[in-house]
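Biologist: I would like to learn how to read a protein model. Could you take me through one, feature by feature?

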Amino acid sequence: MTTSARAKPVWDGFILPDDLSVYIGKKTLVKLILDAFEGLNARTAAPEAVATGNSNFQPAMMLTLLTYCYATGVYASTDIELNMQHDRMIRYLCAKNYLNLPVLREFRRYSRDRIKECLATVLRRVWELRFCDEDAYARVAASGLGVSFGRWLNMRPTPDFTTEAEQRIVRAVRADSMAMDW
C-alpha cells in the first residue's frame with residue numbers, strides 16, 4: 001500500500017504540504033529536524049527514552065528518520081522501507097541499515113510524544129521560514145498568488161502545529177493498520 005503526499009486545501013486552515021521538502025529542500029529539512037532533536041534533548045532529562053532492541057537502530061536515528069518521513073508525507077512503514085531504495089536521504093538517515101518494520105512500529109508506539117514534539121517543531125520552523133520572515137510578501141507576490149493572499153495569510157492565526165503533527169502520526173498508524181489488514 002502506498003500513501004501519497006498531497007497538499008491540503010487552503011481552507012483547511014493549514015497550508016503546508018504533506019511534503020515539506022517542496023518548500024525548503026531535503027537537506028534543509030534534515031537540518032531543521034536535527035536542530036529540533038537537539039532542542040528536544042536539551043529540554044528533557046532523559047534524552048534517549050526508548051531503546052529499540054536492535055543495536056543498529058538507535059533512538060536518535062529512529063526519531064530523526066520517522067520525523068523526516070512524516071515531514072515528507074511518507075507515513076506507512078512499508079512505504080518507508082520502499083523509499084529507502086529511492087530516497088537517498090532516508091538511506092543516509094538509516095545509515096544504510098535494513099529497516100525492520102516491527103521495530104519502526106514499536107518505536108512509534110513508545111516514542112509518540114517525542115516524535116510529535118519534534119515534528120511540531122519542524123512544522124513551526126518551516127512555517128516561519130516560508131511565511132513569517134521579511135520576504136514573505138515578496139515571495140507570495142512572486143508566486144502569482146497575489147498580495148491579497150499574503151494579507152490573508154498574515155491575518156490568519158498561526159496554525160496548531162502540535163495538532164498537525166498528531167494528525168500525521170495518526171495517518172502513519174492508519175496506513176500501517178490498513179497494510180496489516182491485507
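**Reading the helices**

Modeller: The protein has 10 helices and 0 strands. Helices (H or I, at least four residues) and strands (E, at least two) are DSSP runs, numbered from the N terminus. This is a predicted model, where local features need pLDDT of at least 70, side-chain atom pairs count only at pLDDT 80 or more, and totals for chains, interfaces and linings use all residues. Residues are numbered from 1 along each chain as its sequence is written, and side-chain values use heavy atoms, with hydrogens and water left out.

Biologist: What pattern does the protein follow along the sequence?

Modeller: Read in order, the pattern is α-α-α-α-α-α-α-α-α-α.

Biologist: What percentage of the 182 residues is buried?

Modeller: Buried means under 20% relative accessible area, exposed over 50%, partly exposed in between (1.4 Å probe, protein chains only). Here buried residues make up 45% of the 182 residues.

Biologist: Is Lys 27 buried or exposed?

Modeller: Lys 27 is found in helix 2. Its relative accessibility is 72%, so Lys 27 counts as exposed.

Biologist: Which residues of helix 2 are buried?

Modeller: They are Leu 29, Val 30, Leu 32, Ile 33, Ala 36, Phe 37, Leu 40 and Asn 41. Think of the helix geometry. An α-helix has 3.6 residues a turn, so residues three or four places apart point the same way. The cover over the buried residues of helix 2 includes helix 1 (21-24), helix 3, helix 5 (88-93) and helix 7 (112-131).

Biologist: How do helix 2 and helix 3 pack?

Modeller: Two packed helices are described by the angle between their axes and the distance between the axes. Axes are lines fitted to C-alpha atoms, for helices over the stretch in contact, and angles run from 0 to 180 degrees between N-to-C directions. Helix 2 (residues 26-43) and helix 3 pack at about 130°, with axes 10 Å apart. The two are therefore oblique to each other. Angles under 35 degrees count as roughly parallel, over 145 as roughly antiparallel, 65 to 115 as roughly perpendicular and the rest as oblique. The contact (heavy atoms within 4.5 Å) involves residues including Leu 29, Ile 33 and Phe 37 of helix 2 and Ala 60, Thr 64 and Tyr 68 of helix 3.

Biologist: How many residues of helix 3 are buried?

Modeller: Helix 3 is mostly covered, with 12 of its 13 residues buried. Among them are Pro 59, Met 61, Leu 66 and Tyr 70. After helix 3 comes Gly 73, whose phi is positive, near 80°.

Biologist: Now helix 4 and helix 6. At what angle do they pack?

Modeller: Helix 4 (residues 77-86) and helix 6 pack at about 125°, with axes 9 Å apart. They are therefore oblique to each other. Ser 77, Thr 78, Ile 80 and Glu 81 in helix 4 meet Leu 101, Leu 104, Arg 105 and Arg 108 in helix 6.

Biologist: Is Arg 108 buried or exposed?

Modeller: Arg 108 lies in helix 6 (residues 101-110). Its relative accessibility is 7%, so Arg 108 counts as buried.

Biologist: With which side chain does Arg 108 make a polar contact?

Modeller: A polar contact is a pair of N or O atoms within 3.5 Å; within protein, one must be able to donate a hydrogen and the other to accept it, and residues adjacent in sequence count only if both atoms are side-chain atoms. The partner of the Arg 108 side chain is the side chain of Asp 176, at 2.7 Å. Beyond its neighbours within four places in sequence, Arg 108 is in contact with residues including Leu 66, Tyr 70 and Ser 77.
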